[in-house]
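Subject: Handover of a structure model

Dear colleague,

Please find below the structure I would like to hand over to you. My notes on what was found in it follow directly after.

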Amino acid sequence: MSTETFEFQVEARQLLQLMIHSIYSNKDVFLRELVSNASDALDKLRLAALRDEAQDADVSDPHIEIETDAEARTLTVRDNGIGMSRDEVADLIGTIANSGTAKFLEQLKQTDDLAGAENLIGRFGVGFYSSFMVADEVTLVTRRAGETHGTSWSSRGEGTYTLGTVEDAPQGTAITLHLKPADPENQLHDYTSPWKIREIVKRYSDFITWPIRMAAPAVSANTTDAADADEPAEAPAPETLNSMKALWARSRDEVKSEEYHELYKHISHDWNDPLETIRLQAEGTFEYQALLFIPAHAPHDLFTQGYKRGVQLYVKRVFIMDDCEALLPSYLRFVKGVVDAQDLSLNVSREILQQDRHIQLMHRRLAKKVLSSVKDMRGSAPERYATFWREFGSVLKEGLVTDSENREALLAVSSFATTHDSAEPTTLAQYVERMKDGQDDIYFMTGESREAIENSPHMEAFRARGIEVLLLTDPVDEVWTDTVGEYQGKRLRSVAKGEIDADAGDEPAESREKRDEEYAPLLAWMKERLGEDVKDVRLSSRLTVSPACLVSDAHDLTPALENLYRAMGQEVPRARRILELNPEHTLVKSLDQAFKGKPEDDTALTETAELLHGLAALAEGGRPKEPARFVQLLADRMERALQAE
């Protein structure tokens, strides 16, 4: 074997060190890179054979083989794929040494962010050179299919590398790593350990098309029993490490539902079968396949800050990352699965993914596919849809705030509790179909529970007139109703905000004007006495039973929304509420009569106004401004009432 020695340029040494120490914090990925390269070589051989371009090539048993020697501390990754000629070794493997290094470093200096640096590095064959993270020396022997001579390449990653000619090299490529000593504290594991090799292959390369075999660990000759020296050793059969079951690449007819369920359990660590399995295959200029799953139950930490969302990303069946957040919007963070792209680089980072045009296209397509599947589920499997909405409706509604592009699709798959039916939720489309003649708005109310909303004084007039109201109990409901604003030209209106004439349709205008004039002095006095506690005091058209209620102005934040923003760390000014009085209630009528017969500074009148305001706060689940004072005033009134008897 004749060899030639070449020197790395100074810039090349710097670049090599940069790649070895800066690209991967997880050193296990070196094996992923080598296996991926081997898989690509086998793919190319298969394609060449189909085109009759690989004369005299051996295509009888395409495979990848991993061999370890604990005593010699070597790891070899071998394939019988297309192989490389000497020129290809110089051009491809030697790229880092003699092709554009100076230009690369110049671009690197102009790149401030790590994502841009990694993107540049990815163009320079970093996969092969990641071997130097775990090895002191790397040796490559390769022969291109159909050629008679092979080529060797060797380097210690320092000042020089060698290129040589090999007469009897087998078809394909073998890369031997002379491993560094194990250092677990620095994530440098013992890569001669069979269990470690199994773990890495299972994690990163389980779905590679070709079999990945591990030969039995090499045994040194001096450890062989002398008594068996004359007997031929029977080598154990190599172990196939990967399943090769890329379910997303097989037609639906070839895969049993049990196989899908097992894959889901493997990637999600869930004991239950998925609620829905979603397949997608995109062809054209950018090809990818997706196999997604909707779980049957929401994880307990779905709304916690540290929740790991995203699906697994593969490139040509090579595992890239576990939780690829860039592929699905946050409101679909419960979706699990696999996306396998054909044209992405193996060296993509999370930062690069956020900016990649292909990833953005996949993001849009996958979101639409999931929403379309949920819509189909609602029509064809209402029981499963009911389970889905119960488990994930609250998180899906986040998309109504954040995803304007898919808002119509999200509204189409959303359903809400309603006063129309105590058991069955409704869609907005169904609500619109049931709207009364002359009703222009879709009414809703937010609250902590259905019971609390139904018992709210704000609901009285709507209940009395049989007007349907949506009952919204998730925190996000406070936000999306304001963001969406309308549906099919119908305004979304809270029954607890603004002025609503729910029961005024049958009352003559003259009668209302006379009543407003009659109560005007009392309302003005109460507004003055309550001061900063109220924005206004007015007569109510939404009350039929209760004496008073508090409402927010049409464009003000509700107390619940204020609390939500504060919980998120955002300080917002506290909005003053409007106190509405029921002019038909005995208490309000008596207060008006007392006001007309007593001086405006009467203490009892002022206390009654305070009590009425506190009762309105309690009725909606709030609390009086000064609970202790409220209790004292109420106790005094009760005592006087009993004494009067």
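In this predicted model, Arg144 counts as partly exposed because its relative accessibility is 27%. Its side chain meets that of Glu88 in a salt bridge, with an N to O distance of 3.3 Å. Glu88 belongs to helix α3 (residues 86–93), while Arg144 sits in the loop between β4 and β5, so the pair ties together parts that are 56 residues apart in sequence. Glu88 is likewise partly exposed, since its relative accessible area is 25%.

Strand β5 (residues 150–155) pairs with β4 in the antiparallel sense over five bridges, and Val141 stands opposite Ser152 in β5. Six residues lie between the two strands of this hairpin, and Gly146 takes a positive phi near 95° there. Strand β4 (residues 135–143) is also joined to strand β7 (residues 172–179), by eight bridges and again in an antiparallel arrangement. Within that pairing, Glu137 has His178 in β7 as its bridge partner.

A further sheet may be of interest. It is an open sheet of six strands with mixed pairing, in the order β16-β15-β18-β17-β20-β19. Its edge strands are β16 (421–426) and β19 (486–487), each of which pairs on one side only. Strand β15 (residues 416–418) runs antiparallel to β16 and is joined to that strand by two bridges; Phe416 has Thr426 in β16 as its bridge partner.

Returning to charged pairs, the whole structure contains 44 salt bridges. Two further examples lie within helices.

- Glu199 and Lys196: their side chains meet in a salt bridge at 3.2 Å, N to O. The two residues are three apart in helix α8 (residues 194–204), which means that about one helical turn separates Glu199 from Lys196.

Elsewhere, salt bridges that share partners join Glu499, Arg538, Arg542 and Glu580 into one network.

On the nonpolar side, Leu587, Leu615 and Leu618 form a surface patch whose accessible area together is about 220 Å². Leu615 is found in helix α22 (residues 603–619). With a relative accessibility of 38%, Leu615 counts as partly exposed, and this value meets the requirement of over 30% for patch residues.

Finally, a word on the cysteines. How many disulfides are there? The count comes to zero, where a disulfide would require a pair of cysteine sulfur atoms within 2.5 Å. Among the cysteines, Cys324 is buried, with a relative accessible area of 1%, and Cys549 is buried as well, at 0% relative accessibility.

With kind regards

Notes. Residues are numbered from 1 along each chain as its sequence is written. This is a predicted model: local features need pLDDT of at least 70, side-chain atom pairs count only at pLDDT 80 or more; totals for chains, interfaces and linings use all residues. Side-chain values use heavy atoms; hydrogens and water are left out. Patches are made of residues with over 30% relative accessible area and no salt bridge: like charges are joined within 9 Å, nonpolar side chains (Val, Leu, Ile, Met, Phe, Trp, Tyr) within 5 Å. Accessible areas come from the Shrake-Rupley method with a 1.4 Å probe; for residues, only the protein chains shown count as cover. A salt bridge is a side-chain nitrogen of Lys or Arg within 4 Å of a carboxyl oxygen of Asp or Glu. Helices (H or I, at least four residues) and strands (E, at least two) are DSSP runs, numbered from the N terminus. Buried means under 20% relative accessible area, exposed over 50%, partly exposed in between (1.4 Å probe, protein chains only). Two strands pair if DSSP finds at least two bridges between them.
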